[in-house]
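Colleague: I would like to learn how to read helix packing and annotated sites. Can we go through an example together?

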Amino acid sequence: MLDATYYAALGLSSIREKVLAGERLSPEDGLTLFNCPDITAVGALALHVRCRLHGHKAFYVVNRQINYTNVCVNGCTFCAFRRDAEDEPGAFVLSLDDVLARLRAADATPLHLDELHIVGGCHPTRPLAWFEEMIRAVRAFNSNLPVKAFTAVEIEHFARLEGISTLEVLKRLQNAGLVMMPGGGAEIFDETLRPQICPHKADAKAWLRIQGEAHSLGIATNCTMLFGHIESYEHRIDHLCRLREQQDKSGGFTCFIPLPFLTEHSRLKLPEDKVGPQRGLDQLRTVAVSRLMLDNIPHLKAYWIMMAPKLAPVALWYGADDLDGTITEERIGHMAGAQSAQGMTIEELEHLIRESGFTPVRRNATFNTLNDESPEARQ
């Protein structure tokens, strides 16, 4: 599959040798992979790394996603989720009772949640104390349910409202019961592009600093990259290298999630060559290059909500090892134009994984496995 002669013909000999030896790829290597005409050759290298890390396991989680509000002070150009005020059409703000009602409804099903994922817009007035109370209420309802909540952007927003440091915010939320943070808000790090797509959001330096602070407290986090908009391959490689550098420093990133930009309801309009049917190939290539560049981040997720259930399993052959989970209710991607279902059953997820040629492994929020029945685990 990794024929030396063929890779030499593609100009990938040195990259192939580095991958087989487990050596770090350079930014120039990453650009070469993005520009390689044979996507399957790039995918085969990523599959080699993925199997070296995880064999043919493919992970999923039984989770419930709760978006507590879409009222947000950040005027991101690309975002179809946000609303400026509570009285604007399409705006919503959940109460604590609303959050708990959704949790009770999920608990009343046979799913038995292994992760509660909570994120939302940066509401202009809701205090940090409300979020502390929410986490404590969730923990009181089910002390065994890991709470994964709040992006670095939300953490910076809380700190600004309260007039305290982001580290103090993290300490307070951890004391309330926060165990992990999702990776949203990273978007694309480049300082020339970020003002064009998210001018009021925490910048790259702040986003990375907050991740490091969380890691220093023992709070694991995910990380993301929003791609397929106005960025170039060079911007993607720069983003991946900054994540890799932060992981070298603080070591707390558990999973990387490449997020394809959904154009349907966005105010950020793209040229035709950015919105055609080739987007699926670009998504697979980006998954593969990300797996090859991020040698120090253990997991890579093909987020089926945004990649769609038809493409996400294919990404398992291009370096991904996780499909996310049951989700139940997701608003951010769907308000942006995602056509996928709101959720999947355990049976649907496991069937999707098996039919793709992999072994399903159920995990929790922090990637501890719960039903590892893979051949590797039985040896």
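Colleague: In which hand does H11 pass H12, right-handed or left-handed?

Modeller: This is a predicted model. In it, the crossing of H11 over H12 is right-handed.

Colleague: What describes two packed helices?

Modeller: The angle between their axes and the distance between the axes. Here, helix H11 spans residues 233–250 and helix H12 spans residues 279–293. Their packing angle is about 35 degrees, and the axes lie 10 Å apart.

Colleague: Which residues of H11 and H12 meet?

Modeller: H11 brings Tyr233, Arg236, Ile237, Leu240, Cys241 and Arg244. H12 answers with Asp282, Arg285, Thr286, Val289, Ser290 and Met293. By class, the residues of this contact are six nonpolar, two polar and four charged.

Colleague: Now the annotations. Where does UniProt place "binding site"?

Modeller: An unreviewed UniProt entry puts that feature at Phe78 and Glu187. The "binding site" annotation in the unreviewed entry also covers Cys72, Cys76 and Cys79.

Colleague: Where does Glu187 lie?

Modeller: Glu187 sits in the loop between strand S5 (180–181) and helix H9 (194–197).

Colleague: Is Glu187 buried or exposed?

Modeller: Apply the cut-off: buried means under 20% relative accessible area. Glu187 has 7%, so Glu187 is buried.

Colleague: And where is Cys76?

Modeller: Cys76 belongs to the loop between strand S2 (63–67) and helix H5 (96–107). Cys79 is also in the loop between S2 and H5.

Colleague: Why does Cys76 count as buried?

Modeller: Because its relative accessibility is 4%, under the 20% limit.

Technical notes. Residues are numbered from 1 along each chain as its sequence is written. This is a predicted model: local features need pLDDT of at least 70, side-chain atom pairs count only at pLDDT 80 or more; totals for chains, interfaces and linings use all residues. Side-chain values use heavy atoms; hydrogens and water are left out. Axes are lines fitted to C-alpha atoms, for helices over the stretch in contact, and angles run from 0 to 180 degrees between N-to-C directions. Helices (H or I, at least four residues) and strands (E, at least two) are DSSP runs, numbered from the N terminus. A crossing is left-handed if the near helix is turned anticlockwise from the far one by less than a right angle, and right-handed if clockwise. Contact means heavy atoms within 4.5 Å. Ala, Val, Leu, Ile, Met, Phe, Trp, Tyr, Cys and Pro count as nonpolar, Asp, Glu, Lys and Arg as charged, and the others, Gly among them, as polar. UniProt positions are given in the numbering used here, feature names are shortened, and annotations may be inferred rather than shown by experiment. Buried means under 20% relative accessible area, exposed over 50%, partly exposed in between (1.4 Å probe, protein chains only).
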